[in-house]
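Biologist: Hi! Could you walk me through this one? I'd like to start with a loop and then move on to the helices.

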Amino acid sequence: MEVRNCKGCGRLFNYLQGQQLCPSCLTELEERFQKVKEFLKENPKAPLNVIAEENDVTVKQIKQWVREERLTFTEESQITLECEACGGKVLTGRFCDRCRTTLQNEFSSAMKRPIGSVKTKKNSSQKDRMRFLDN
């Protein structure tokens with residue numbers, strides 16, 4: 001276990017993993033998330049800066065929740081983020097639908113490859129062998 005200072009309040013806490021926030025700041029952040037989520041249900045067309053101001057969170061935090069796929073903007077909202085691969089529109093997550101599909105296909109095809117398809121060098125020459133120094 002590691003002891004760190006909370007990025008929110010500065011108090012020391014036992015850090016395990018994830019965000020560097022103490023348990024009380026994490027609870028407060030989760031309450032703000034629920035507040036933002038309810039605000040978006042009631043105001044789906046609200047601009048990003050209004051959402052942040054009304055709910056006492058930063059625009060950066062809202063974008064992080066969208067990237068983590070905890071929040072989703074609706075089609076009628078003018079708010080979108082950029083796809084990290086192609087720069088297209090993203091309503092939730094890090095990648096647009098096209099890039100996400102491409103990545104999924106690449107990963108699944110990589111997983112389906114037989115293990116023996118990787119070529120290994122069977123005949124090693126004298127120069128490729130391990131050397132030991134005598135004392």
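Modeller: Happy to. Let's begin with Ala85, which sits in the loop between β3 (81–82) and β4 (89–90). Helices (H or I, at least four residues) and strands (E, at least two) are DSSP runs, numbered from the N terminus.

Biologist: Before we go on, what kind of model is this, and how are the residues numbered?

Modeller: This is a predicted model, where local features need pLDDT of at least 70, side-chain atom pairs count only at pLDDT 80 or more, and totals for chains, interfaces and linings use all residues. Residues are numbered from 1 along each chain as its sequence is written, and side-chain values use heavy atoms, with hydrogens and water left out.

Biologist: Thanks! Is Ala85 buried or exposed?

Modeller: Ala85 counts as exposed because its relative accessibility is 54%. The cut-offs are under 20% relative accessible area for buried, over 50% for exposed, and partly exposed in between (1.4 Å probe, protein chains only).

Biologist: And what is Ala85 in contact with, leaving aside its neighbours within four places in sequence?

Modeller: With those neighbours left aside, Ala85 is in contact with Phe95 and Cys99; contact means heavy atoms within 4.5 Å. The C-alpha atoms of Ala85 and Arg98 are separated by 10.0 Å, and these two residues are 13 apart along the chain.

Biologist: Let me zoom out. In what order do the elements run?

Modeller: From the N terminus on, the order is β-β-α-α-α-β-β-α, with 4 helices and 4 strands in the chain. Of the 135 residues in the chain, 24% are buried.

Biologist: Now helix α2, please. Which of its residues are buried?

Modeller: In α2, residues 48–55, the buried ones are Leu48, Ile51, Ala52 and Asn55. They lie on the same side of α2 because they cover an arc of only 95 degrees around the axis, the arc being that of the directions from the helix axis to the C-beta atoms.

Biologist: What covers that buried side, and what does the opposite face carry?

Modeller: The cover over the buried residues of α2 includes α1 (23–42) and α3 (59–67). The face turned away from the buried side carries the exposed residues Glu53 and Glu54.

Biologist: How do α1 and α2 pack?

Modeller: Their axes are 10 Å apart, at an angle of about 130 degrees. That makes α1 oblique to α2. Axes here are lines fitted to C-alpha atoms, for helices over the stretch in contact, and angles run from 0 to 180 degrees between N-to-C directions. Under 35 degrees is roughly parallel, over 145 roughly antiparallel, 65 to 115 roughly perpendicular, and the rest oblique.

Biologist: Which residues meet there?

Modeller: From α1, Arg32, Lys35, Val36, Phe39 and Leu40 meet Val50, Ile51, Glu54 and Asn55 of α2. By class, this contact has 5 nonpolar, 1 polar and 3 charged residues. Ala, Val, Leu, Ile, Met, Phe, Trp, Tyr, Cys and Pro count as nonpolar, Asp, Glu, Lys and Arg as charged, and the others, Gly among them, as polar.

Biologist: Last topic, the backbone. What phi does Asp56 take?

Modeller: Asp56 has a positive phi of about 55 degrees although it is not a glycine. Asp56 is in the loop between α2 and α3 and is exposed, with a relative accessible area of 53%.

Biologist: And what about Glu69?

Modeller: Glu69, not a glycine either, has a positive phi of about 65 degrees. Glu69 lies in the loop between α3 and β3 and is partly exposed at 48% relative accessible area.
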